[in-house]
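Please give a short briefing on this structure for someone who has not looked at it before, with the points grouped by topic.

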Amino acid sequence: MARIPDAEIERLKAEVSLVRLVESSGVKLVRKGKDELMGCCPFHEDGTPSLSVSVSKNLFRCFGCEAGGGPIDWVMKREGMSFRHAVEWLRDGAPVAPGPETAKPRASGRRLPSPVKLDADDAALLAQVVDYYHETLKASPEALAYLQSRGLAGELVERFRLGFANRTLGLRLPEKTRKAGADIRGRLERLGIYRASGHEHFTGSLVVPVADEAGRIAEIYGRKIRSDLRPGTPLHLYLPGPHAGVWNVEGVAGAKGEVILAESLIDAMTFWSAGYRNVTAAYGAGGFTDDHLAAFARYGVERVLIAFDRDEAGDKGAGAVAERLMEAGIAAFRIVFPKGLDANAYAAKVTPAAKSLGVLIRKAQWLGNGKAPAITSAADPLALAAMGAVMRGVGEVLPEPASHPSSAAQPVPPEPPSEPPAALPEPMAAAMPPVPVPDPVEVQSEHELVMVLEDRRYRVRGWKKPQGPESLKVNLLVSRNAEDGDTSTDGRFHVDTLDLYAAKARAAFAKAAGIELGESEDTLRHDLGRVLLKIEALQDAELAGALKHDERPGMSQAEHAEAMALLTAPDLIERIAADFAACGVVGEETNALTGYLACVSRLLDRPLALIIQSSSAAGKSSLMDAVLGLMPSGAQVRYSAMTGQSLFYMGETNLKHRILAIAEEEGASTASYALKLLQSEGEVTIASTGKDAATGNLVTQEYRVEGPVMLFLTTTAIDIDEELMNRCLVLSVDESREQTRAIHAAQRRRQ
């Protein structure tokens with residue numbers, strides 16, 4: 001059940017007038033002092049006024065029966081309501097007009113309006129429940145945040161009447177002790193909205209109704225939105241009985257022969273939100289029904305792209321669906337996601353979703369025999385030129401196509417090789433339409449690129465700037481028989497800054513350039529399309545390169561043997577100590593070895609932490625530098641000081657298994673809480689407000705930094721924080737006269 005936000009509770013406590021609420025219950029209040037009103041308490045036999053109401057604090061207290069609290073507490077006790085019911089009652093506008101003092105002490109019925117009509121038939125009753133859940137969703141920050149996290153907000157919510165069940169439906173129904181209340185609950189139990197236990201079936205779930213062509217609710221899907229559920233609690237819920245109906249049947253009807261079939265409704269809505277409206281969903285890996293097959297046949301579907309999860313259940317389910325489809329004469333393809341991912345997870349990892357899903361659609365594996373029919377769902381001409389680069393960046397090698405329908409039931413994708421192929425497998429290349437290859441780049445630098453199309457030369461600047469997927473603003477110069485900026489009689493040029501994704505801007509550029517160059521607008525518009533394709537191809541190639549994980553260089557057998565010999569050497573400690581001495585460390589052998597061991601422990605799940613303590617200029621920083629000098633540079637993050645919240649914004653994994661070295665503990669005093677938490681808990685999180693990139697509205701954003709991290713500090717403090725003492729090893733620098741003489745001797749020898 002969704003928790004009522006604290007802000008809403010505090011608002012009601014502050015805004016609802018307790019004085020008017022008490023008077024509306026029939027209690028006559030008489031002023032006593034500047035801020036206090038007195039009256040007879042309705043909760044016990046009260047001969048003399050013992051009920052005190054504070055106007056400024058908006059609180060009441062009875063000195064006879066000890067009852068007390070604020071507006072919500074008054075409603076709970078006076079009306080006999082639960083906490084949630086009282087909040088709903090006050091939020092919906094409780095009656096606060098003064099009533100007769102003889103009013104009955106307790107309410108005999110519910111005050112909240114019922115969202116369903118008691119005389120409605122079953123179809124209308126289900127529709128009214130769906131409408132109520134829909135309104136609940138729009139008022140639930142928790143449910144809206146869940147949709148936002150899955151990339152499913154916006155138009156989708158209204159189009160498919162998505163809802164949220166927060167267990168408040170029963171608060172608005174007639175009392176179950178009345179006949180009307182018992183009857184309506186019985187009908188809702190028969191329809192599957194209520195359970196025999198009296199609880200709402202979809203409590204705590206995102207609710208997705210499935211309507212038929214006539215708009216009647218045929219099925220309801222519920223998906224729990226909270227992650228902290230008790231073990232064994234199902235995440236996915238449906239109405240009882242066999243699955244019925246086809247989600248987004250209008251999309252199937254208008255699909256023009258090709259439909260995307262997702263494994264779940266969440267995945268199907270991901271495709272729909274990305275612009276692929278010819279999508280529907282099975283009810284799980286084994287949930288492809290006769291209703292789906294009948295709808296495909298009724299609307300002339302010729303090809304189905306099966307977008308099931310990339311796991312064992314998804315592979316098995318996709319094979320079974322493909323076999324049924326091909327038996328019915330419908331061509332079957334498999335959209336292959338990276339291993340372990342589904343459509344929603346993949347779209348969240350590789351953005352923008354419209355392009356990344358389009359790439360996988362174009363790569364869909366043909367599961368039949370012979371030549372594959374062409375796929376049309378992702379035939380976006382602006383994305384075709386970039387297809388090869390993106391495929392090599394985020395795709396995987398596809399398995400060989402199945403030789404017969406039953407082979408589709410086998411697990412589909414093998415692991416990708418270390419070097420992805422430069423071209424698609426032959427069966428897929430045959431299935432794709434020819435892609436025009438843009439002209440090569442003549443000059444490409446950090447700031448500009450140049451393309452030559454016949455006698456027309458295009459120079460593009462600003463194409464590398466980070467932009468959203470909806471705009472491509474560049475500075476574009478086109479010239480004929482001239483170098484950039486040449487305005488001589490022989491040279492003609494036109495330059496402008498425009499958004500290449502805006503058709504009006506391209507048309508205006510082509511018209512003006514046509515006048516300057518004496519070229520037809522059609523030719524220049526065609527050139528702009530080729531320039532656009534080239535820029536997209538280059539941008540996608542850079543994106544694909546950024547998505548590739550850096551591979552650490554391997555070790556040869558000889559190098560591995562040498563490393564193992566060092567690690568198993570009986571004189572390893574002496575060799576490390578000798579290294580410190582060679583680096584100029586005088587004495588401090590125990591401290592140096594301890595620091596070395598603590599820094600190496602960064603690779604453990606619970607690394608050590610270290611503080612070097614000494615007076616000023618006694619050598620603590622030199623000892624820290626010496627220890628860190630023997631550690632890989634990429635494994636350490638060093639700061640002179642840290643502010644209070646800086647640690648929370650350092651990136652989720654930027655400190656994982658690294659050394660966080662701070663030159664002086666005093667410089668990180670304001671960040672001490674976060675540092676201690678990171679050391680003991682292994683992670684820190686903070687909730688902060690920021691602007692939504694799409695709407696500009698303020699939203700709550702969570703920042704998380706993962707450990708484990710090895711903490712390395714120095715300090716001149718005599719008394720070290722006790723909490724740091726519990727978490728860290730404390731090393732004291734040798735400040736004796738003998739150590740000072742040894743250091744001076746070493747300095748003279750070096751000089």
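In this predicted model, strand E6 and strand E7 (residues 205–211) run antiparallel and are joined by three bridges, with Gly163 standing opposite Val207 in E7. These two strands belong to an open sheet of four strands, whose order is E6-E7-E8-E9 and whose pairing is antiparallel. The edges of this sheet are formed by E6 (163–165) and E9, each of which pairs on one side only, and the twist from one strand to the next averages 30°.

**Helix H10 and the sheet**

- Helix H10 lies across E7 and strand E8 (217–224), and the helix runs at about 75° to E7.
- Helix H10 covers residues 265–273 and is mostly covered itself, since eight of its nine residues are buried.
- The buried residues of H10 are Leu265, Ile266, Asp267, Ala268, Met269, Thr270, Phe271 and Trp272.
- Just after H10 comes Gly275, which takes a positive phi of about 105°.

**Helix H12 and its surroundings**

- Helix H12 is made of 16 residues (312–327) and reaches 23 Å from its first C-alpha to its last, which is close to the 22 Å expected at 1.5 Å a residue.
- Several residues of H12 are buried, namely Gly314, Asp315, Gly317, Ala318, Gly319, Val321, Ala322 and Leu325.
- The cover over these buried residues includes strand E10 (258–262), helix H11 (290–298), strand E12 (303–307) and strand E13 (331–334).
- H12 is followed by Gly329, and the phi of this glycine is positive, near 85°.

**A buried arginine**

- Arg185 is found in helix H8, which spans residues 179–191.
- Arg185 counts as buried because its relative accessibility is 14%, below the cut-off of 20%.
- Once neighbours within four places in sequence are left aside, the contacts of Arg185 are Gly170, Leu173, Pro174, Glu175, Lys176 and Tyr194.

**Backbone exceptions in loops**

- Most residues other than glycine have a negative phi, and most peptide bonds are trans.
- Glu66, in the loop between strand E4 (59–62) and strand E5 (68–69), is a residue other than glycine with a positive phi, near 70°.
- Asn248 is not a glycine either, yet it has a positive phi of about 55°, and this residue is found in the loop between strand E9 (236–238) and helix H9 (249–253).
- Asn248 also counts as buried, because its relative accessibility is 5%.
- Gly707 and Pro708 are joined by a cis peptide bond, with omega at about 0°, and Pro708 lies in the loop between strand E24 (698–706) and strand E25 (709–715).

**Confidence of the prediction**

- The mean pLDDT of the protein is 79, and 83% of its residues reach 70 or more.
- Over residues 97–110, however, the pLDDT is below 50, and this stretch has 25 contacts in the model beyond near neighbours in sequence.
- The pLDDT also stays under 50 over residues 380–441, for which the model has 121 contacts beyond four places in sequence.
- Where pLDDT is low, the predicted coordinates should not be read in detail.

Notes. Residues are numbered from 1 along each chain as its sequence is written. This is a predicted model: local features need pLDDT of at least 70, side-chain atom pairs count only at pLDDT 80 or more; totals for chains, interfaces and linings use all residues. Side-chain values use heavy atoms; hydrogens and water are left out. The expected span of a helix is 1.5 Å times one less than its number of residues. Buried means under 20% relative accessible area, exposed over 50%, partly exposed in between (1.4 Å probe, protein chains only). Contact means heavy atoms within 4.5 Å. pLDDT is the predictor's confidence in each residue, from 0 to 100. Two strands pair if DSSP finds at least two bridges between them. Axes are lines fitted to C-alpha atoms, for helices over the stretch in contact, and angles run from 0 to 180 degrees between N-to-C directions.
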